[in-house]
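Here is a short tour of one protein, written for someone who likes cut-offs stated plainly. Have the viewer open and follow along.

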Amino acid sequence: MATTESGSINCWASYAKDEELKPFQYVPRPLGENDVDIKITCCGICGSDLHTIDSEWAGTVYPVVAGHEIIGTVTAKGDKVSHLNVGDVVGVGAQVYACNKPDCNACNRGFDPHCPKMVFTYNAKYEDGATAYGGYADRVLVDSNYAFKIPENIDLAEAAPLMCAGVTVYNPMLTHKFKAGDRVGVVGIGGLGHLAIQFASKLGCVVTAFSQSENKREESSK
């Protein structure tokens, strides 16, 4: 029978708006049959994390452990997890659960982010009332459907931002079936923009970058 690692999870949490992060511990919920327990190697810092930490979007429930660009190694898995194994390096993004049931009008159409039972990686609660805490921690426990294997040839620190910034710009390219020869404009060459340029370029698109900063010209053409 699968078991989770014993003991509490050690984190860095925000206890209130405009305060520095402080140590925090919590006992994770029991490992479910579809869950994986992940020992975290690294976690990116996203603008969404900062907005949540300081409750700039309102609704932050403290203490909050942010972090949704998570890379780590599977240390335990539930009995029904067949696509991941202990020792696999995986990434976790902004979502850690949806019901994924055939009678769910969102999940059965591939729109699981709109599932009524969807759980964000942090500042959220599971249906049973358990709190979801994020990746500024040494471990995290998530539904295995939201842990994705990372290729061995990718630097893990560089892989972390792909779990949010990368997905954000790549998903519409898949949705709208970008292909070689398509003309693509990328407005703003920041955290997301520079990834959008790379993805579109690798797809064979003709890419034009728009920026008000002259110093982004060279960066955009690399």
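## Ground rules

Buried means under 20% relative accessible area, exposed means over 50%, and partly exposed lies in between, with a 1.4 Å probe and protein chains only. This is a predicted model, where local features need pLDDT of at least 70, side-chain atom pairs count only at pLDDT 80 or more, and totals for chains, interfaces and linings use all residues. Residues are numbered from 1 along each chain as its sequence is written, and side-chain values use heavy atoms, leaving out hydrogens and water.

## The overall fold

The protein has five helices and 13 strands; helices (H or I, at least four residues) and strands (E, at least two) are DSSP runs, numbered from the N terminus. Its radius of gyration is 19 Å, close to the 17 Å that the globule rule gives for 222 residues, so the protein is as compact as a globular protein of that length. That radius is taken over C-alpha atoms, and the rule is 2.2 Å times the number of residues to the power 0.38. Along the principal axes, the C-alpha trace spans about 50 × 40 × 35 Å.

Buried residues make up 40% of the 222 residues. Taking contact as heavy atoms within 4.5 Å, residues 24 or more positions apart account for 65% of the contacts with a separation of 6 or more. The protein exposes about 12,600 Å², of which carbon and sulfur atoms supply 54%; accessible areas come from the Shrake-Rupley method with a 1.4 Å probe, and for residues only the protein chains shown count as cover.

## Two nonpolar cores

A nonpolar core is a set of buried Ala, Val, Leu, Ile, Met, Phe, Trp, Tyr and Cys residues joined through side-chain atoms within 4.5 Å. The largest one holds 30 residues, and Val36, Ile38, Val142 and Ala147 touch the most other members. Strands β1 (9-13), β2, β3, β4, β5 (89-92) and β10 (139-143) each supply at least two residues of this core. Apart from it lies another core of eleven residues, including Met173, Val184, Ile189 and Leu195.

After α4 comes Gly204, with a positive phi near 90°.

## Arg29 and its partners

Arg29 sits in the loop between β2 (22-26) and β3 (35-43). Which side chains does the Arg29 side chain meet in a polar contact? One is that of Asp35, at 2.8 Å, and another is that of Tyr126, at 3.3 Å. Such a contact is a pair of N or O atoms within 3.5 Å; within protein, one must be able to donate a hydrogen and the other to accept it, and residues adjacent in sequence count only if both atoms are side-chain atoms. Not counting residues up to four places away in sequence, Arg29 touches Asp35, Tyr126, Ala130, Leu141, Val142 and Asp143.

## Backbone details in the loops

The loop between α1 (47-53) and β4 (70-77) contains Pro63, and the peptide bond from Tyr62 to Pro63 is cis, with omega near -5°. Ser55 lies in the loop between α1 and β4 and has a positive phi of about 55° although it is not a glycine. Ser55 is partly exposed, with a relative accessible area of 22%.

Asn100, in the loop between β6 (95-97) and β7 (119-120), is a residue other than glycine with a positive phi, near 50°. Asn100 counts as partly exposed, at 36% relative accessibility.
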